[in-house]
Amino acid sequence: MELIQIDPYRWEIKKTGAMRVPARIYSSRKLIGAVKKDETFRQLVNVAQLPGILNAALAMPDIHWGYGFPIGGVAGFDVEEGVISPGGVGYDINCGVRLAATHLTYEEIKPQLETLISALYRNVPTGVGSTGRVKLSNSELKKVLKQGSRWAVSQGFGEAADIDRTEDQGCMPDADPDAVTQKALERGRKQLGTLGSGNHFLEIGVVEEIHDPLVADVFGLAKGSVTVLLHTGSRGLGHQTCDDFLAAMTKNHTIDGMELPDRQLACARIQSAAGRQYYRAMACAANFAWANRQILIHNTRETFEQVLGISPRQLGMRQVYDICHNIAKFEQHTINGQSRRICVHRKGATRAFPPNHPDLCAEYQKTGQPILIPGDMGTASYVLTGMPKAMEETFGSTCHGAGRVMSRKAAKKSAKGRSLEKELAEKGVITRWTGKSTLAEEMPEAYKNVTEVVDVVAGSGISKIVAKLRPIAVIKG
Amino acid sequence: MIYYELLDHTADLGIRITADDIYELFEGGAHAMFDQIVDRSVLSGAAKESLTVSGIDKPDLLIGWLRELLYLWNGRERLVKWVHIEQMDDTHIAASIWHDPFDPAKHEILSDIKAVTYHGVTVEQTPKGWVATVIFDV
């Protein structure tokens with residue numbers, strides 16, 4: 001497998017053997033070394049072998065070793081010939097990020113930051129097996145799965161404007177709750193309005209740098225203002241949905257007589273009964289995730305107002321955007337000069353639509369879609385915007401975060417004898433966490449440098465940097 | 001004899017189990033998985049239930065077995081102390097499971113396992129005995 005450098009930001013693995021298309025990697029000299037050591041590129045080559053794949057199997061600069069698809073992978077499939085793969089979407093369906101801006105400054109909240117983060121820690125259920133305060137009957141849960149964010153807003157969680165500033169308006173219309181298994185429904189019932197564990201977080205930050213003042217102004221981001229960034233997904237409901245469909249599709253691990261290179265790539269034709277059923281169930285999990293983030297941002301808004309004793313107007317919390325990381329979607333893209341409806345899989349990657357894209361709300365027609373890139377909890381996060389080049393090269397996609405570089409085991413070893421809480425406090429970041437080893441596993445060194453990742457997508461022209469955020473307080477599950 | 005080791009995987013957690021026979025291999029996989037979640041020595045294993053699992057071949061059977069056991073935790077909040085395989089072949093398992101209901105006051109959750117993946121799954125007979133590799137989503 002030969003890796004050929006095309007320019008400072010692009011590498012390619014030529015089509016050989018069973019590959020139907022080449023593999024293309026967005027990276028940099030600094031970043032590419034880390035992924036050469038493991039199975040990441042092998043996984044990308046496996047994706048390039050799937051039926052109906054179009055143009056190239058793509059890897060974003062935060063790519064790392066996953067299971068089946070690499071994390072940071074993007075692939076577009078022909079609707080007639082192509083496949084849909086639960087492993088290509090991932091377990092945490094519509095794991096995603098939501099950003100809200102406020103009128104507050106760091107100086108204004110600094111005296112109460114400890115109280116504020118403690119109150120948020122109480123009001124946002126975190127950790128393994130955490131349960132939410134929203135209790136759902138079967139019929140109500142099915143409404144959540146059909147309506148997504150809209151259901152949450154109809155119950156008083158947030159504002160109608162939040163929906164406009166959410167990818168797909170927080171709802172995939174093809175959701176069919178009858179496609180979701182009873183086990184998945186049971187796991188979801190108690191978990192709406194919870195953050196979960198692992199790399200999920202709630203982060204209070206400050207806008208540290210503005211790179212594009214005009215776009216930042218439209219996004220509602222002012223230098224020095226306080227932000228809230230939320231990372232979570234569809235919880236047990238999404239995991240169980242992926243798990244159930246993977247198990248069913250794995251029973252037939254050949255497609256067109258071709259043995260799949262990895263069982264985790266188990267898939268079905270998009271047009272087959274199994275493919276359609278998975279898509280409808282996946283859409284339910286995606287809607288659950290949007291409702292989940294909608295409830296959590298609402299609880300955050302209320303907590304800010306209560307702790308700081310201010311009115312909604314004084315707080316001025318405005319949702320900037322909500323984006324998803326793990327999804328398969330039907331979108332319109334130009335393939336060989338022809339506009340076609342294709343199925344795009346993004347696994348640990350972000351949609352990045354440019355200005356004038358018909359799927360964006362009126363507010364963002366001139367700016368392009370806000371793209372939210374969380375870094376590790378001690379460094380920085382970025383807000384970018386979509387560029388036309390992403391439509392030409394990456395099916396309108398970009399990176400999703402810093403990407404892990406250290407295993408959890410190695411991170412725990414490296415954290416032995418250290419107080420990460422103290423180290424982060426010295427950097428100006430207050431932490432609250434639930435899991436015994438969460439802070440160690442999620443330590444800043446476990447991740448790539450997010451600035452280097454963002455430099456690649458900006459340098460290659462698929463996204464543009466708008467603002468940089470600095471974390472000041474973080475809750476980890 | 002049975003033992004297992006943790007494998008380095010950038011995003012997730014892998015386990016390699018070695019055992020004298022395939023019964024021990026599958027039982028060892030289950031115990032290794034729950035060792036990551038909880039200190040099994042504090043569990044009483046007071047509740048017992050039966051479990052049957054089927055698969056298309058040994059690797060599929062191993063993943064299916066671990067998936068069903070993990071659902072006891074993720075779906076029903078039960079922590080598994082012991083498993084005992086009564087009977088198995090390449091495509092079926094019948095087993096007894098002893099578990100405790102999760103009690104946050106008594107049971108500290110060490111780390112979360114969210115799913116059992118098919119990625120890189122192997123079940124092989126080697127000169128050293130039976131060896132299996134599994135990667136978990138954490």
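## A serine at the meeting point

Leaving aside its neighbours within four places in sequence, which residues is B:Ser111 in contact with? The list is A:Glu441, B:Gln36 and B:Ile37. Keep in mind that this is a predicted model.

B:Ser111 sits in the loop between strand S5 (92–101) and strand S6 (115–116) of chain B. With a relative accessible area of 17%, B:Ser111 counts as buried, because that is under 20%. A polar atom of its side chain lies 2.9 Å from the backbone oxygen of B:Gln36.

## Where chain B meets chain A

Now for the wider interface. On chain B, 35 residues are in contact with 38 residues of chain A. Together the two chains bury about 3,100 Å², and carbon and sulfur atoms give 51% of that area.

There are also 16 residue pairs in polar contact across the interface of chain B and chain A (both at pLDDT 80 or more). On the chain B side, the elements that give two or more residues are strand S1 (2–8), helix H2 (58–74), S6 and strand S8 (129–137). H2 of chain B gives the most, with seven residues. Sorted by class, the side of chain B that touches chain A has 14 nonpolar, 10 polar and 11 charged residues.

## Salt bridges between the chains

How many salt bridges are counted between chain B and chain A? The count is five. One of them pairs B:Glu68 with A:Lys183, with the closest N and O atoms 3.2 Å apart.

Another salt bridge links A:Asp244 and B:Arg67, this time with 3.3 Å between the closest N and O atoms. A:Asp244 belongs to helix H11 (residues 235–250) of chain A and B:Arg67 to helix H2 of chain B, so this pair joins two chains. Both A:Asp244 and B:Arg67 are buried.

## Salt bridges within chain A

Over all chains, a search of the whole structure turns up 40 salt bridges. Take A:Arg165 and A:Glu363, whose side chains meet at 2.8 Å, N to O. Each lies in a loop of chain A, and the pair ties together parts that are 198 residues apart in sequence. A:Arg165 is buried at 10% relative accessibility, whereas A:Glu363 is partly exposed at 35%.

A:Arg470 and A:Glu208 form a salt bridge too, their closest N and O atoms being 3.1 Å apart. A:Arg470 is in strand S21 and A:Glu208 in strand S8 of chain A, so the pair ties together parts that are 262 residues apart in sequence. Here A:Arg470 is partly exposed, at 26%, and A:Glu208 is partly exposed as well, at 30%.

Technical notes: Residues numbered from 1 in each chain as written. Chains lettered and ligands numbered in written order. Predicted model: local features only at pLDDT ≥ 70, side-chain atom pairs only at ≥ 80, totals over all residues. Heavy atoms only, no water. Helix = DSSP H or I, 4+ residues; strand = E, 2+ residues; numbered from the N terminus. Buried < 20%, exposed > 50% of the residue type's maximum accessible area, 1.4 Å probe, protein only. Polar contact = N/O pair within 3.5 Å; in protein donor to acceptor, adjacent residues only side chain to side chain. Contact = heavy atoms within 4.5 Å. Buried area = accessible area lost by both parts, 1.4 Å probe. Salt bridge = Lys/Arg side-chain N within 4 Å of Asp/Glu carboxyl O. Nonpolar A, V, L, I, M, F, W, Y, C, P; charged D, E, K, R; others polar.
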